[in-house]
Amino acid sequence: MCGIVGFVGKKQAAPILLECLEKLEYRGYDSAGISLLSDSKITTHKTTGRIHKLNELTDCGKSLVGNIGIGHTRWATHGAPSDRNAHPHMSNDNKFSVVHNGIIENYIELTNKLKSQGIKFNSETDTEVVAHLLSMYYTGDFLEAVHKTVSVLEGSFALGILCQDYPGKLICVRNSSPLIIGVGENENFIASDVTALISHTRDVIYLQDGEIAELSENEVVVFDSKLQKVNKEKSKINWNIDAAEKGGYNHFMEKEIYEQPKAVKDTIEPRIKNGKIVFDDLSLSAKDLSKFNRIVITACGSASYAGQVGRYVLEELLRIPVEVDLASEFRYRNPVVDQNTLMLVISQSGETADTIAAMKEAKARGAHILAIVNVVGSTIAKLADDVLYTWAGPEIAVATTKGYTTQLALLYLIAIFMAEKTKRISDVQTSALLADVEKLPELMQKTLDMNQNIDQLSKKYNTNRSIFFIGRNIDYAVSLEGSLKLKEISYIHSEAYAAGELKHGTLSLIDEGRLVVALCSYEKLFDKLMSNIKEVKARGAKVLSVAQEGNTDIYTESSDVLLVPRINPLFAASLVVLPLQLFAYYIAKENNCDIDKPRNLAKSVTVE
């Protein structure tokens, strides 16, 4: 998944498709491809790597014939980056070509069904099932074949489809994955992002979930899920190209903060089926899980702080010791791990050098490696014994946001899965915990909606040159990430402390006007946290508190309060971190920092 484009008109399609794909390069991708339809024949050209390779192969598209086509930049989710896994994908009879964003959740079931009927698969992707289903359902009516295919798909998908028997038609479908139609003069377009289109047209049609559109050079016809025609209004795009790339947001970080509810939904929803957690391709049986007497989590930066949250959840549900080790330290000591140790390795990129070295060390000592990464085919994914993907999609901003929260979501699922399989929790407890996890996307969206005043708070606190974050239990783990976000993008010194440690030295740094961010969502220790707040207030500090809805006591000792919805305390980190991300973002914006590309930092740390 990543970027989709499509074109039908009088002009040569390939140069337009390639140019539109280049406009989507900012999204990140690992391969690219295009299909052209001409003389009732579909030709496909695709490659791993960057679009410039396709340009070199096709003279920037000038050597390719056809006035209709589809294109795609892929961010691997199913199957490693390779030429055969790159989009577009073809049916065995070469009658259909498909590009797809999203995840087909029931692709394994569909693949097995198709293979039993003699269908040969040429890739490892979930997308290829769509091409073969189209061929299976096709009886001469392109639209009907698409409709029947979509009816059996589960998951999220935006599709662009060509059929060799319809040389002037392009069909597209949207379901829980962005797709828009660009309307031009004697030409029409599809794209997953307006960025790809605004150099050609500013008139767009926004598709809704379940809608199917049929495009020709002079017409766009939209149908609902029952193939009833739908009247759609055109919208005018007034953004400039720079803003459009960010979907109307000022920065990628801001955009990615607001993408988190969907990213977490994409991470958890396909893995909860009929009230049970299902991890496809996970090799660990209940017997294997029962042998582990210890879990070691290793990671760097934000991923390690996700691990700190995971430690509380895993220990609570499994009742076995969990250790969180910075990968950069783990590799240089004599770690105590063996065949009874499960190591959880967390990395957004899957290429973090210190983390790779740590997992190699643990694997050599007999530990079983379960990796949590976002990038299919990455080094960590290949080296691990098992891998679970966060499915967060490309994250452009250097400071991670949705990478962190999708890692948390997977850690919750792993903890519940292991506890259920090893009989540490009952079926009733499992159901209750899963119900809480399934609420997360909705509650995350509510958290973002109810904290719209943070930009104003940033004007109040942006001149602080040193800020402290305090919390207890899971709140302490979240404070580590909140502090890191602030220092990463605003260059303001900040430190996170377990609140009980203040009196062991840190209170000497609290002076008049110092800002202390107090995380108070863990209400079992609320009274103790309130004592810590009084300690810093007595020394002149300003206190910005984060608490759960309905907590009125927090207002008595706080200068300002940010609220999050109530949730099972085990999963509160996913909500509490959101206002901290926004606080860091707006402080950095107020101070005119380069938010998406903070100085001296890289998105993927591939060196020691």
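What follows is a series of stops, each with something to select and something to look for. Keep in mind that you're looking at a predicted model.

**Stop 1: an open sheet**

Start with the strands E5, E6, E7, E8, E12, E13 and E14. In that order, these seven strands form an open sheet, and the pairing is antiparallel. Which strands stand at the edges? They're E5 (89–90) and E14 (229–230), and each has a single partner strand, so one side of each is left without a neighbour in the sheet. As a bit of background, strands of a sheet pair through backbone hydrogen bonds, either parallel or antiparallel.

Now zoom in on E12 (residues 212–215) and E13 (residues 220–223), which pair in the antiparallel sense over four bridges. Pick Ile212 and look across to E13: its bridge partner there is Phe223.

**Stop 2**

Select His87 and Pro88. The peptide bond joining them is cis, with omega about 0 degrees. You'll find Pro88 in the loop between strand E4 (68–74) and E5.

Next, hop to Leu227, in the loop between E13 and E14. Leu227 isn't a glycine, yet its phi is positive, near 65 degrees. Tyr491 is another non-glycine with a positive phi, of about 65 degrees. Look for Tyr491 in the loop between helix H18 (474–490) and strand E24 (493–498). Tyr491 is partly exposed, at 24% relative accessible area.

**Stop 2: aromatic rings**

Show the side chains of Phe96, Tyr138, Phe142 and Tyr166, which form one aromatic cluster. The count of aromatic pairs comes to nine. Take Phe142 and Tyr166: their ring centres are 5.4 Å apart and their planes are at 45 degrees, so this pair is tilted. Phe142 belongs to helix H5 (142–152), while Tyr166 sits in the loop between strand E7 (155–163) and strand E8 (170–175), so the pair ties together parts that are 24 residues apart in sequence. Are these two buried or partly exposed? Phe142 is buried, with a relative accessible area of 1%, whereas Tyr166 is partly exposed at 24%.

For an edge-to-face pair, select Tyr585 and Tyr586: 5.0 Å centre to centre, with 75 degrees between the planes. Tyr585 is buried, at 0% relative accessibility, and Tyr586 is buried too, at 16%.

**Stop 3: charges over rings**

Select Lys115 and Phe121: the charged end of the lysine sits over the phenylalanine ring, 5.7 Å from its centre. Then try Arg271, which lies over the face of Trp391 at 4.0 Å from the ring centre.

**Stop 4: two buried residues**

Click on Ile372 in strand E21 (residues 368–373). With 0% relative accessibility, Ile372 counts as buried. What does Ile372 touch, leaving out residues up to four places away in sequence? Its contacts include Val345, Ile346, Leu388, Thr390 and Ile414. For a sense of scale, draw a distance from the C-alpha of Ile372 to that of Asp527: the two are 155 residues apart along the chain, and the separation is 36 Å.

Now go to Thr406, in helix H14 (residues 402–421). Thr406 is buried as well, with a relative accessibility of 0%. Again leaving out residues up to four places away in sequence, Thr406 touches Ala263, Val264, Thr267, Thr390 and Ala392.

**Stop 5: one side of a helix**

Select helix H16 (residues 440–449) and colour Leu440, Pro441, Leu443, Met444, Thr447 and Leu448, which are buried. These residues cover an arc of only 165 degrees around the axis, which puts them on the same side of H16. What covers the buried residues of H16? The list includes helix H7 (252–258), helix H8 (260–268), H14, helix H15 (427–438), strand E27 (560–564) and helix H20 (573–590).

Definitions and conventions. Residues are numbered from 1 along each chain as its sequence is written. This is a predicted model: local features need pLDDT of at least 70, side-chain atom pairs count only at pLDDT 80 or more; totals for chains, interfaces and linings use all residues. Side-chain values use heavy atoms; hydrogens and water are left out. Buried means under 20% relative accessible area, exposed over 50%, partly exposed in between (1.4 Å probe, protein chains only). Contact means heavy atoms within 4.5 Å. Rings of Phe, Tyr and Trp (its six-membered ring) pair if their centres lie within 6.5 Å; planes under 30 degrees apart count as stacked, over 60 as edge-to-face and the rest as tilted. A charge sits over a ring if NZ of Lys or CZ of Arg is within 6 Å of the ring centre and within 35 degrees of the ring normal. The arc is that of the directions from the helix axis to the C-beta atoms. Two strands pair if DSSP finds at least two bridges between them.
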